[in-house]
Amino acid sequence: MSKYAMDHVGIAMNIINGRPLTESLLEQVLTMLSNLDSNLGETELKRIRSKLESTIGIQVSVGGVVREDAHEPWLLDQKGKIEWHYWDSYKRLLVSQGWSPAVVRVLDEDTDNIITECGNPSLEEGWNIRGLVMGDVQSGKTASYSGVIAKAADAGYKVIVLLTGMIEDLRKQSQERLDFGFVGRDSRDVLGKNTDRPAIGAGNYRSKSANVLTSVDSDFLTANAQVLGRIPLKNINEPILFVIKKNVSPLKNLNEWLTAQMKISGLAQHHVPLLVIDDEADNASVNVKKEDEDPAKINAGIRDLLKKFSRSSYVAYTATPFANIFINPDQEDDLFPSNFIYSLNTPSNYIGASSIFLEEGKHHAQLRDIDDAEEIIPHAHKKELPIDDIPESLKDAVRVFLISCAIRDIREEELRHRSMLVNVSRFTDVQKRISEKVGNFLWNLQEEIRQYLSSISWKKHSELVELKAVFEDEYANAGVTWDEIRAQINESVASIKVVTINQKSAPEEKLDYSRYKNTEKGRRVIAIGGLTLSRGLTLEGLSVSYFYRNSKAYDTLLQMGRWFGYRPGYDDLFRIWMNSDAQNWYAHIANAVAELRTDFRRMSADRLPPSRFGIRVKAHPDTLIVTAQNKMRTGQEFVHSISFSGAGIETAYVVKDQLNQQNIQLVKQFIKERGTANVQKKRYFWRGVKKQAVAQFLAAMNISNLNMQFIPDETGGRPLLRFIEENLYPALENWDICIPQGEADPVDDLTITTEAGVTGGVSCRKRQFEQVQKGAPYLKLNKQRVGDTSDEKVGMSDPEINAANEAWRKEREKDAGLGESVPGYMYRQHRPFPLLTIHFLRPGEPSEKTKAGAMMDPKEVGTTPIVALSISFPDFDPGSNGQYVVYRLNKVALRDLIGEEGSEDDDTD
């Protein structure tokens, strides 16, 4: 945005003066600006509107906590006595960067709440605090822990350690951010003893700076300690910051240096307060060894660090807390968050999994299918895989990236950096070959643009004609014309480079956005990598992502999601290419994580401690896949207990041919035994069916083992069905049964008589079926969608439905990032009885939005109705130690569950 427009933004913000930004107020302000300056055109007004909406119009609420009651809230008593040098300067820095006042206010409250849960540094007696902060991927966890570090320094913490991921690029990025937001000086100058150290970032708003013993260029080395010499820690006036990656050597160096410092002072422990912030805490920090073995080295190094201080607070930060919750809380010196778990809410401008991967999400239309990559880059490949070409879908993604760069420049966007992500292999050798092919394609396209696009003969060049076609497909409504693109694009894309980002990358291939912060175009890259791009690394200005991986573990998938985050001024331009399986997994994860956060808020309101939330997380049905992933590497057998309280289950993988015919006959017999039916909104409905009848029916049905919750155990039986039949919960004694009606042809020879004496047939619902491997004994429903959310309301009274709707409204008040549609799990929390829904489905024609070949032709599916099932459990066991469904699986069963994919631990990256 031009300085001219930014000046008018300042005028507008003064007019608004803290009032809530409504549409009417926005229109009033823009009209006033037009009257004040007749030179303001429609384009400038549109940009001013967008800027105001992206700053003032953001909604966000303070997070919540589950805690041990024994901890006293000390900060409120001390707050008026503390001089907030570090926090105030950080806050002023954020405001100067255009942060919304509402977001800064909530950050202030959240960091106050987190510091309150940590130990009081003014208390001399010893304390050891273990906590965890949950936030979404790319949602601002760095801003949160930077604020916590600043407030901790002001409150009296003397030693602050930030543990980053295991990758040096991430550590450098974190160090750079802390230099800017906390230290106030370039750490390279500090370690180099450069006396002429200009202030940077927050340092411009205060007269002092923190000590720092790591730098952008170096992790903690023994030589770093020479900066402080032999001064005991207790004599240091300003806090000392260490930014260390979670590798054995830096942790060992730090622990040895701290031991030497203790010897200088003749101490058995340091008596200064220590704060450890563990970023990406689910990665490397968790002990993966058995309890009777020595802990893993990094986990042991963190424990050793904490033991060296009589007063210490350990705060883990992660978007995926599954692994941290699985830590044994009875191991006193381990890292289970026994004192508190704090959940950050996301602002309304955050783009997360729900917004992208759920069909009702605001940005769902910006997803693109990959259906042409398997032959070139198979999911299961070795590091020797030859790469002769790149998929056409990847070429399209590159074209879109180039066009988006031009549009963003035409819009005069403030952020100059532009990034594209390509993540298709975990092997560095394959990444290098992909980079070469993408680089060749990019260079040829750049040359075509440079030489011919601005001339009248551009239509003679097929690649430029294809570029225009992509522009019309993707950005026809972006507010720019093709002629504007032709005039701008060469300047916008000439500096784009392809870089390979992994541990073997050459220095010139590092992202290193800071080197380009003062250049006219910033850093413009197509970043190709694997693990290094999947753990905490922020890709500045990311607008196009191309992702073709087959991991199923929730934490791995979410961490790979570099596309989550904030896209101010270009949220309409970003695109994500992904195959349908991955899209389905992300959609499932979006619901699972949202449900987990809803559980958290309920437990926070009920004042339950972290151990109770840990039990709830471990017992969640979706942790079956997470735990299985971990156990695959360490043992031949896996035992896991699950609670299906409030859970929804669907058979998205359905059997076909003879097995499906048998299912149709089984359903007809089961329905015949039920007698007359009620009718509820185009659904046949029976109430009061005994659990034994439901279990026997399900046991007789042919259900594919690919439906995770129905997988058999070592006895050959299905644990879920045993639980349905044998559980002692009164709420699960009697079941509701439902058969919905659709718009497709009815099921032959199936009629149902209602209590009103009316006899009718059962019309099938239409669903699309995805293409699967030829000869597969199953069919797969598109996006694993069997039922509708409205099915969840069957059998519920109006007051129960209203209670669910009201509960969701309150959830959305607390977390502005949630969608408007009430999710199924919210209704399940309020339904009185379990529900079995039996679906009869027929294939629908692929939609115009679906690429040819991605869906099965209805003729391939056949004319016989397909039977699928849904189960909805009420909230019968909210967090208690009741009966669980116990899965006992061997390694063969685990492979059936999660496939043969390689582990990220095997990544040569």
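Which residues point one way from β3, and which the other way? Before I answer, please keep in mind that this is a predicted model, in which local features need pLDDT of at least 70 and side-chain atom pairs count only at pLDDT 80 or more, while totals for chains, interfaces and linings use all residues. Residues are numbered from 1 along each chain as its sequence is written, and side-chain values use heavy atoms, with hydrogens and water left out.

In β3, Val159, Val161 and Leu163 point one way, whereas Ile160, Leu162 and Thr164 point the other way. In a regular strand the side chains alternate between the two faces of the sheet. Helices (H or I, at least four residues) and strands (E, at least two) are DSSP runs, numbered from the N terminus.

As for its partners, β3 runs parallel to β5 (residues 240–245), joined by 6 bridges, and Thr164 has Lys245 as its bridge partner there. β3 also pairs with β6 (residues 274–278) in the parallel sense, over 5 bridges, with Leu163 bridged to Asp278; pairing requires at least two DSSP bridges between two strands.

Turning to the helices, the axes of α6 (residues 101–117) and α7 (residues 141–155) come within 9 Å and cross at roughly 60 degrees, the axes being lines fitted to C-alpha atoms over the stretch in contact, with angles from 0 to 180 degrees between N-to-C directions.

Methods: Buried < 20%, exposed > 50% of the residue type's maximum accessible area, 1.4 Å probe, protein only.
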